[in-house]
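Me: I've got a structure open here. Can you walk me through it?
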Amino acid sequence: MDKIWLVIQREYLARVKKKSFLLATLITPLIFPAIMGIFVWISLEDEGGEALRIIEVVDENKMFFLESSEQYAFSFSNTDKEDAKKMVQEGDRYGFLYIPEFNLEDPEGIVFYGEENPSMSLISYLENNLRKKIEEQRLFESGIDPKIINEVRTNVGIRSITLDEKGKETVNDATVNYALGFLTGILIYIFIFVYGNQIMQGVIEEKSSRIVEILVSSLKPFQLMLGKIVGIGAVGLTQFLIWVVLIGTLTTFVMGYLGMQMPQQTAMELANPELAGSIPQTGNVAEIMQVISGINFLGLVLSFLFYFLGGYLLYGAMFAAIGSAVEAPSEAQQFMFPVTIPLIAAYMGLFVFVLNDPNSSASFWLSIIPLTSPIAMMGRVSYGVPWTDLVLSMSLLIAGFLFTTWMAGKIYRIGILMHGTKPSYKTLWKWIRTSQ
Amino acid sequence: MLQIKNLNKSYGPNKALSDIDLHVPKGVIFGLLGPNGAGKTTLIRIINQIIEGDTGEILIDKELLNPSHISKIGYLPEERGLYKKMKVWDQLIYFARLKGLSHTDAKSKINFWLDKLEISSWKEKKIEDLSKGMAQKVQFISTIIHEPSLLILDEPFSGFDPVNAELIKNEILELKEKGTTVILSTHRMESVELLCDQVAMINRSKKILDGTIKEVKKSFRPEVYKISLRALKELLPREWIAKEDEGVYHFTLPLSGKTPNELLSELMQYGQVSQFQEVVPSMEEIFIHQVKATQHG
């Protein structure tokens, strides 16, 4: 036991002390808020800094009136198409909108001419405005006052509340659950891949540099393997915890800064009804807070940690076994399929089945089978999952990682001392059977 | 110190060791000889408890081999390895502690050895920044840091320049003086004759000979004499195939059933005998002879 502890310490310190660890740990969480910050900064800059763009409207129906926004001003000076073209070419206008005479039932031939490619938002702004105008006109022609239409327009939102046996009501929102399941599942997926690879690299390093022969004369191969897996896992947890703290503080900071800019922002969105539609209205914020407070966070965090570690241990042992069988990382490719296929299946399953319908039978099986459960179960946990399923999945995962560790131990103890032979799956199987 | 009885080990259909019996007394340097692939590494790995034998017994100080012996054995494998990115100091601490030393003990012993081999200034250097010979010194310290009573060295001199090889040789002899038993596995026979008290030779999984160097040489005395003759009275028999050098004839003759005295008096009839010496084979010759003999047999 003492010796495993020594190995854990070495593996942990050797990695944590590296400069690359420090860099990756500090820079990665900066990327997310930094990108967010840059976008916000650019959009704020855009608004204030850019000159107003003037767009000439050539309307042969003499019917459309477009309201100018902060970015675009529309001029109606009764020019014809040719004059307007000239204005654009000479740089007097940013572009011009040509609306030919058309039948209201079938508006065709509307063209925007500009000296550069217009942005998506400009085009959709124009389209929405024109559509609204045409619709209003047609309603008016069929005898309905557009004002009435505006008055009867209603917003419908369904709140979803789960009722448990004791009658406790929990407000929930599939979007929030989706996001949580997505985030936790992906984190586990990335964690397994990144740190599993580190285990493999570490084993290969010890094998190819022949350190392993000295090591196993001092301790059992199994102790060495376990110490390495646990030590690297601890590195991962450390990195993860630092990220949580850093992202937490940075996001609070960035959000705080954005919060001060908010009035301007919302004003902009309100002026543009289409944009506002994609963002929850202010009334919903309280509701989202309610949904978030309704989620069993303790349960979510605990099961996240469980599947995080369980999945890592299950695959970590497999990565160690692969590393022990080969002599260079490039040779490892042939043995990677048993690891990558279930991981990718779990990842795909998370999107295709679990997050869309957490209670389907595909979701059930994905969250029960140990190879896929660490990723797939997180998708279900965020929605709430029967405790029987959770217990079954967790016990199978424990059994699963005990099994892979045991199998990997058998491959590992022979593999690390084998040189010069290129093993196949058949030889691996032989090693499993022959070792005591 | 170390007793091996009827040790067998197979890898699938291939026999790596068959019925090996060895006795290594305390405080000797024991040469373990044999060509590549003879089974030396397997034997060493079994003593180090890296792998297990199939049948047979191994006793250390009359105790069946068990994990508590790990701290008594120091092992320098033929293929050396250290963590390239680790500092000399950290690395030595790690290996010492794996062998069961406490942190304080490890520190003082490492300091002692770093001073002794005059490499204290490398403490904070990473292995990748050291030359091969420097790394070998570090490796040697890591092997003996826990003061093992049994030291197993697999080709200890390979990779050393002559100066450092001499240094290591003297360290080995010093350890022997202090009572350490050393098993030296090698196929460099000159170091065997220089260092070893006893030897055992393994070929094709079997022990083909063992004993003290003297005993081995005695049993391989081919009863051949090296002769130089001067002032010829009669012509030498043709079958003697002599080489002439300024009137002196050099050749070798087997006893062929005669006593040395009988042979000598026979030679005296041919002239003045200036040299009459029994040919004693070198360990190298015995080694080659034995390996060939078992291969043909």
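Me: How much of chain A is buried?
Reply: Buried residues make up 30% of the 436 residues in chain A. A buried residue has 20 or more other C-beta atoms within 10 Å of its own, with C-beta atoms placed from the backbone. This is a predicted model: local features need pLDDT of at least 70, side-chain atom pairs need 80 or more, and totals for chains, interfaces and linings use all residues. Residues count from 1 along each chain as its sequence is written, while chains are lettered from A and ligands numbered from 1 in the order written.

Me: How many helices and strands does chain A have?
Reply: Chain A has 16 helices and 6 strands. These are DSSP runs, numbered from the N terminus: helices are H or I with at least four residues, strands E with at least two.

Me: What does strand 3 of chain A pair with?
Reply: Strand 3 (residues 95–99) pairs parallel with strand 1 (residues 53–59) over 5 bridges. Strand 3 also runs antiparallel to strand 4 (residues 111–114), with 4 bridges. Pairing takes at least two DSSP bridges.

Me: Which residue is the bridge partner of Val57(A)?
Reply: Leu97(A), in strand 3 of chain A. Phe96(A) has Tyr113(A) in strand 4 as its partner.

Me: And how confident is chain B?
Reply: Its mean pLDDT (the predictor's confidence in each residue, from 0 to 100) is 87, and 98% of chain B's residues reach 70 or more.

Terms used. Buried ≥ 20, exposed ≤ 12 C-beta atoms within 10 Å, placed from the backbone.
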